[in-house]
Amino acid sequence: MIPWLAENDHFPPVERALAEPNGLLAAGADLSPQRLILAYENGIFPWYSEGQPLLWWSPDPRMVLFPSELKIARSLRKRLTRRDFEVRADTAFEGVIRACSAPRAGHEGTWITDDIVVAYTELARAGHAHSIETWIEGKLAGGLYGVALGRMFYGESMFARAPDASKIALVCLARQLERWKFEMIDCQMKTAHLARFGAREIARADFMRNLANLVNYPRTTRNWRLDDDLFD
């Protein structure tokens, strides 16, 4: 059994999360900016589908990408040298999250519900959520969004309307975060796609130890500005 959280209840310790389904910790509460920030500070994230209650997770192990361990495939390196794209940050957050919310091929529905879109757009307006956007010929072609606290980035979702568009955004994110001395990108669950970029699983206990340090660095709520030479 998992606890049902009222509006002012604290999250239970992540060690109480279920082993099956992996990481399910609690249900209920709300998606206010304060609740979301508290969740991320404690290694917890929301994940549920339309018609389900609000569910909170902290899986073990945890998939992470250390920016210094980024791997770029040879074919993608060739694409990056062509420079037939532009990468921006925080200029189209709502466009990115709504594109991410579109059902994927072969899947029905989406976990990025209207409530999630509203909540994270509000978090972006407060300066805690950010988007990295790939633009091709003046159109939003791909990107990703997530939450930044201190020197910790929590990746949430990505999308692509053109080949390599989301991959370009991810490379840009990792390179920029490494320059800003961010040490870890949370990828939540294991995927083969992210593993190809160097993401790997670590024990939740190790994730939590790293997190406790990284979230305590000073936080900025300014819109992000990317360096111009990330692909040099």
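**Whole chain.** Show the protein chain as a cartoon: seven helices and eleven strands make up its secondary structure. Its radius of gyration is 17 Å, close to the 17 Å that the globule rule gives for 232 residues, so the chain is as compact as a globular protein of that length. Bear in mind that this is a predicted model. Along the principal axes, the C-alpha trace spans about 55 × 35 × 35 Å. Colour by burial next: 52% of the 232 residues count as buried. Then consider contacts between residues at least 6 apart in sequence; 72% of them join residues at least 24 apart.

**The four-strand sheet.** Select E1, E2, E4 and E3. They form an open sheet in the order E1-E2-E4-E3, with mixed pairing. E1 and strand E3 (45-46) are the edge strands, and each pairs on one side only.

Start with strand E1 (residues 4-5) beside E2. The two run parallel and are joined by two bridges.

Strand E4 (residues 55-57) runs antiparallel to E2, and three bridges join them. Select Ala26 and find its bridge partner Trp56 in E4. Then select Leu24, whose bridge partner in E4 is Trp57.

How many of the five residues of strand E2 (residues 24-28) are buried? Five of the five are, so E2 is largely enclosed by the rest of the structure.

**Ser58.** Is Ser58 buried or exposed? Its relative accessibility is 0%, so Ser58 counts as buried. Leaving out residues up to four places away in sequence, Ser58 touches Val14, Ala17, Gly23, Gly43, Ile44 and Arg204.

**H1 against H4.** Select helix H1 (residues 33-41) and helix H4 (residues 114-125). Their axes lie 10 Å apart and the helices pack at an angle of about 85 degrees. That makes H1 roughly perpendicular to H4. Show side chains at the contact: Pro33, Leu36, Ile37 and Tyr40 come from H1, and they meet Ala119, Tyr120, Glu122 and Leu123 of H4. By class, this contact of H1 with H4 has seven nonpolar, no polar and one charged residues.

Zoom in on strand E8 (residues 139-149) and strand E9 (residues 152-160). Eight bridges pair them in the antiparallel sense. Val147 gives one example: its bridge partner in E9 is Tyr154.

**H2 against H5.** Keep H5 and select helix H2 (residues 74-82). The pair packs at an angle of about 85 degrees, with axes 11 Å apart. That makes H2 roughly perpendicular to H5. On the H2 side, Leu76, Arg77, Arg79 and Leu80 make the contact. On the H5 side, select Lys167, Ile168, Val171 and Arg175. Colour these residues by class: the contact of H2 with H5 divides into four nonpolar, no polar and four charged.

Notes. Residues are numbered from 1 along each chain as its sequence is written. This is a predicted model: local features need pLDDT of at least 70, side-chain atom pairs count only at pLDDT 80 or more; totals for chains, interfaces and linings use all residues. Side-chain values use heavy atoms; hydrogens and water are left out. Axes are lines fitted to C-alpha atoms, for helices over the stretch in contact, and angles run from 0 to 180 degrees between N-to-C directions. Angles under 35 degrees count as roughly parallel, over 145 as roughly antiparallel, 65 to 115 as roughly perpendicular and the rest as oblique. Contact means heavy atoms within 4.5 Å. Ala, Val, Leu, Ile, Met, Phe, Trp, Tyr, Cys and Pro count as nonpolar, Asp, Glu, Lys and Arg as charged, and the others, Gly among them, as polar. Buried means under 20% relative accessible area, exposed over 50%, partly exposed in between (1.4 Å probe, protein chains only). Two strands pair if DSSP finds at least two bridges between them. The radius of gyration is taken over C-alpha atoms; the globule rule is 2.2 Å times the number of residues to the power 0.38.
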